[in-house]
Amino acid sequence: MASTLRNALVATLVTAGLTIPVLGLQLVREGARTHIETHWNLVLIACAAVFVIQLLRPALARAFGGLSFRVPGAERLNFVHRTPTGQRVLVALIILAAIVWPFFGSRNQVDIATVVLIYVMLALGLNIVVGFAGLLDLGFVGFYAVGAYTYALLYQWLGWGFWQALPVSGAMAALFGFLLGFPVLRLRGDYLAIVTLGFGEIIRLLLINLTDWTGGPDGISGIPKPTVFGYEMSRKASEAGAQTFHQLMGWKFSNQDMVIYLYLMALVLALITLFVSNRLVRMPVGRAWEALREDEIACRSLGLNPTRIKLSAFTLGAMFAGFGGAFFAARQGLVNPESFTFIESALILAIVVLGGMGSQLGVILAAIILTVLPEMAREFADYRMLIFGLVMVLMMIWRPEGLLPVKRPHVELTR
């Protein structure tokens, strides 16, 4: 009991130290004056909640630790997730629902879903580097920026459209990933994270300072939306005498059409990323990534080349980030360096960790949670990062393997 009380008091003091500057003190500006408002009630509520939870935690563990919950009739549903046919049917139904849903959802809902799909694409790309190969990358947003600015620059200087620039954006991001792989071949752990973090910041600072090419802090604007077989989805065509897509189809123009089209494009790109990464992990290169993640020395002793394995992981992961960046630029119509800060890299990495490193379904679920929930609770927007950090800490304590940890095939020998 004394140990439990001591732990509860220590946790309460730590909570007080963290919440007083964030929740208890608030700067308020009134005209030319600035003063501090105090909200001690929020601090007391947070400290009391932590104290009670820590005090009751051992008793709750003893009371509910041995309980197990069983859903009646669950055995009859095993075909859905355990048999290949059931899995295919389930995936087909989910894809069909995702295709049909935007035609019934509101514009805001479809727009949020498009953002979710962008993060799904980025997280699946980072999952190759972090989840499969075990290489901690904190500068993944740099490849995202390369893909976005490649499309923007190709349009600005050469007049290329989205479909022409999309493969080039992926190739340029892959090239940067390949070049980044060489300096980090002998690094691992914290040292690797520091180098990749520096790479992401170098890319952002270059975009700010190369004003003649990138527009500096203002970025590049006026980036066109993707076309449909060469027909623009706009009220009027940019070229005189050209037809738009709604004129070709003979229906009335609506801004919702472009929102739905962008959502469907993001869905297709996310599905392609999921399919390719799922096939890669089952191929020899995927097995090599897993061998590198588990033990690099053992991987080398098996005759595998760690240099090629690391380069392949960085290159393929960066390629998907480049595709996502090009789509982001097309959707926004504007790119600037402030869209590619370290916070974006941290968010994408948190999606991978929260979902479960190496788990593709977990990554998709985490991307939905971390993108949709902040939009649903806008009244807590000022405390978003605080809640976000608290969730990550709780996950590391109670479920460090992630929401949906990957199940790897293994063989157990009986005694």
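The backbone oxygen of Leu210 lies 2.8 Å from a polar atom of the side chain of Thr214, a polar contact (a pair of N or O atoms within 3.5 Å; within protein, one must be able to donate a hydrogen and the other to accept it, and residues adjacent in sequence count only if both atoms are side-chain atoms). This is a predicted model, in which local features need pLDDT of at least 70 and side-chain atom pairs count only at pLDDT 80 or more, while totals for chains, interfaces and linings use all residues. Residues are numbered from 1 along each chain as its sequence is written, and side-chain values use heavy atoms, with hydrogens and water left out.

Thr214 belongs to helix α9 (residues 211-214); helices (H or I, at least four residues) and strands (E, at least two) are DSSP runs, numbered from the N terminus. With a relative accessible area of 4%, Thr214 is buried, where buried means under 20% relative accessible area, exposed over 50%, and partly exposed in between (1.4 Å probe, protein chains only). What surrounds Thr214, leaving aside its neighbours within four places in sequence? Thr214 is in contact with Tyr149, Leu206, Leu207, Gly219 and Ile220, contact being heavy atoms within 4.5 Å.

A polar atom of the Ser277 side chain lies 2.8 Å from the backbone oxygen of Thr273. Ser277 sits in helix α11 (residues 255-282) and is buried, at a relative accessible area of 1%. Apart from its neighbours within four places in sequence, Ser277 is in contact with Ile128, Phe132 and Gln360.

Next comes Tyr155, in helix α6 (residues 141-158). Its relative accessible area of 31% makes Tyr155 partly exposed. Neighbours within four places in sequence aside, the contacts of Tyr155 are Trp160, Gly222, Ile223 and Pro224. Tyr155 and Ile220 are 65 residues apart in sequence, and their C-alpha atoms are 9.9 Å apart in space.

The charged side chains come next. Side chains of opposite charge can pair when their charged atoms come close. A salt bridge is a side-chain nitrogen of Lys or Arg within 4 Å of a carboxyl oxygen of Asp or Glu, and by this rule the count comes to six salt bridges. One of them joins the side chains of Glu201 and Arg204, at 2.9 Å from N to O. Both residues lie in helix α8 (residues 190-209), three residues apart, about one turn of the helix. An α-helix has 3.6 residues a turn, so residues three or four places apart point the same way. Are the two partners buried or partly exposed? Glu201 is partly exposed, with a relative accessible area of 24%, whereas Arg204 is buried, at 17%.

Another salt bridge links Glu296 and Arg300, whose side chains meet at 3.6 Å, N to O. Glu296 and Arg300 are separated by about one helical turn, because they are four residues apart in helix α13 (residues 296-301). Glu296 is buried, with a relative accessible area of 13%, while Arg300, at 51% relative accessibility, counts as exposed. Salt bridges that share partners join Glu296, Arg300 and Lys310 into one network. Glu294 also forms a salt bridge, with Arg293, the closest N and O atoms being 3.1 Å apart. Glu294 counts as exposed, at 56% relative accessibility.

Helix α12 (residues 284-294) has as its buried residues Gly286, Ala288, Trp289, Glu290 and Leu292. These buried residues pack against α5 (107-132), α11, α13 and α14 (306-332).

How many cavities of 30 Å³ or more does a search of the whole structure find? The search finds one. On a 1 Å grid over the protein atoms alone, a cavity is a set of points where a 1.4 Å probe fits but cannot get out, and lining residues have an atom within 4 Å of a point. The largest cavity has a volume of about 40 Å³, a volume being the space filled by probe spheres set on the points, which are joined across faces, edges and corners. Met233, Ser234, Phe245, His246, Trp251, Phe253 and Asp257 form its lining. By class, the lining has four nonpolar, two polar and one charged residues; Ala, Val, Leu, Ile, Met, Phe, Trp, Tyr, Cys and Pro count as nonpolar, Asp, Glu, Lys and Arg as charged, and the others, Gly among them, as polar.

Finally, the whole protein can be viewed together. The protein has 17 helices and four strands, and buried residues make up 39% of its 415 residues. Of the contacts between residues at least 6 apart in sequence, 72% join residues at least 24 apart.

Methods. 1 Å grid on protein atoms, 1.4 Å probe; cavity = no way out; pocket = protein on both sides within 12 Å on 5 of 7 lines; lining within 4 Å.
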